[in-house]
Amino acid sequence: MLQRAITGAVFITVLIGSALAGATIFILFFSLVGVWCLYEFFGMVRQQQDVLPVTGIGILTAVLLGSLLGLYHLELLSLYYSAIIIPCISLIFIVPLYRGNAKPFHDISYTLTGLLYTAFPFFCFVALGFIRGSYQAQIPLGFLFMLWSNDTGAYLVGRSIGRTKLFERISPNKTWEGFLGGLAFALGVAALLSHFYPILPLWQWLVMGFIIGTFGTLGDLVESMLKRTLGVKDSGNILPGHGGLLDRFDGLLIAAPLVWVFLLLV
């Protein structure tokens with residue numbers, strides 16, 4: 001328990017520090033986290049019989065995408081250069097031709113799914129910092145605060161009064177009471193953020209809180225479904241007492257793209 005608490009405190013400090021350290025550190029750090037989550041995804045998939053994702057090309061694609069989008073946000077490169085990603089996608093289909101694996105399209109599908117499920121959401125999260133043009137740390141920080149408050153609220157309320165199972169087939173410990181408690185915590189933090197971070201009006205923070213509270217929980221369930229499908233307990237062991245990075249960011253993977261789209265629209 002002590003190890004878990006220390007790891008969690010250091011982890012949160014590093015995340016907050018990375019967001020406050022400026023645009024370059026923010027882009028670099030969270031892009032690398034996205035790439036590492038993809039690496040963990042491929043590691044889980046490789047444990048399956050007759051499945052061999054195109055790991056090298058997949059990782060290269062994620063690195064290039066993160067680098068190009070980062071340079072674009074820093075106004076150092078035109079988005080035109082992102083076309084370099086297209087040959088990488090083509091290689092994901094071509095490489096299995098030369099492997100002779102029994103199920104080549106399983107390899108292709110898992111590779112593309114990994115990119116879409118892990119790397120892409122982190123690039124959406126990075127884009128939140130630039131939604132107003134120049135880099136603003138308040139929006140990604142607010143996202144993280146609401147995500148953590150949702151997890152904390154769901155745990156506390158679910159543990160104390162949780163009775164009605166939310167999705168027993170996938171996650172037996174999650175309850176509707178915990179889900180509503182987490183959502184209430186996220187909305188409460190959203191209201192506080194509108195006061196301390198007036199970069200967005202109250203209603204936009206509240207909508208963000210609702211999206212994070214709802215789809216963050218669904219993201220947790222999706223990762224539980226993935227691990228049950230693959231027969232693994234944790235995505236990795238990089239965080240002592242917590243598992244892998246993918247385990248810590250499961251809620252972000254579904255919520256971040258939706259929050260990004262919402263803020264683009266408004």
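At its relative accessibility, does H73 count as buried or exposed?

Analyst: H73 has a relative accessibility of 19%, and it therefore counts as buried, where buried means under 20% relative accessible area, exposed means over 50%, and partly exposed lies in between, with a 1.4 Å probe and protein chains only. This is a predicted model, in which local features need pLDDT of at least 70 and side-chain atom pairs count only at pLDDT 80 or more, while totals for chains, interfaces and linings use all residues. Residues are numbered from 1 along each chain as its sequence is written, and side-chain values use heavy atoms, with hydrogens and water left out.

H73 belongs to helix α3, helices (H or I, at least four residues) and strands (E, at least two) being DSSP runs numbered from the N terminus. Leaving aside neighbours within four places in sequence, H73 is in contact, meaning heavy atoms within 4.5 Å, with I27, V126, A127 and F130. Helix α3 covers residues 55-73, and at 1.5 Å a residue its 19 residues should span 27 Å, which agrees with the 27 Å between its end C-alpha atoms; the expected span is 1.5 Å times one less than the number of residues. The buried residues of α3 are T55, I57, G58, T61, A62, G66, L68, G70 and H73, and they pack against α2 (23-45), α4 (85-94) and α5. After α3 comes E75, whose phi is positive, near 60°.

F130, one of the contacts of H73, also belongs to a cluster in which ring pairs link F26, F29, F30, F125, F130, Y135 and F143. A search of the whole structure gives 16 aromatic pairs, where rings of Phe, Tyr and Trp (its six-membered ring) pair if their centres lie within 6.5 Å, and planes under 30 degrees apart count as stacked, over 60 as edge-to-face and the rest as tilted. One of these pairs joins F41 and F42, whose ring centres are 6.1 Å apart and whose planes stand at 65°, so the pair is edge-to-face; F41 and F42 are both buried. The rings of F125 and F143 have their centres 5.4 Å apart and their planes at 65°, so that pair is edge-to-face as well. Because F125 lies in helix α5 (residues 104-128) and F143 in helix α6 (residues 138-161), the pair ties together parts that are 18 residues apart in sequence. F125 and F143 are both buried.

The most comes from α5, with seven residues. The lining has 18 nonpolar, two polar and no charged residues; here Ala, Val, Leu, Ile, Met, Phe, Trp, Tyr, Cys and Pro count as nonpolar, Asp, Glu, Lys and Arg as charged, and the others, Gly among them, as polar. On a 1 Å grid over the protein atoms alone, a pocket is an open set of points where a 1.4 Å probe fits, with protein on both sides within 12 Å along at least five of seven lines, and lining residues have an atom within 4 Å of a point. The volume is the space filled by probe spheres set on the points, which are joined across faces, edges and corners.

The largest pocket holds about 1600 Å³ of space and is lined by 40 residues, with R4, Y155, K174, D220 and R248 nearest its centre. The elements that give two or more residues to this lining are α1 (2-20), α6, β2 (171-175), α7 (176-196), α8 (202-230) and α9 (245-248), and α6 supplies the largest share, eight residues. By class, the lining divides into eleven nonpolar, 16 polar and 13 charged residues.

The C-alpha atoms of I254 and P121 are separated by 7.1 Å, although the two residues are 133 residues apart along the chain. Not counting residues up to four places away in sequence, I254 touches F215 and G219.
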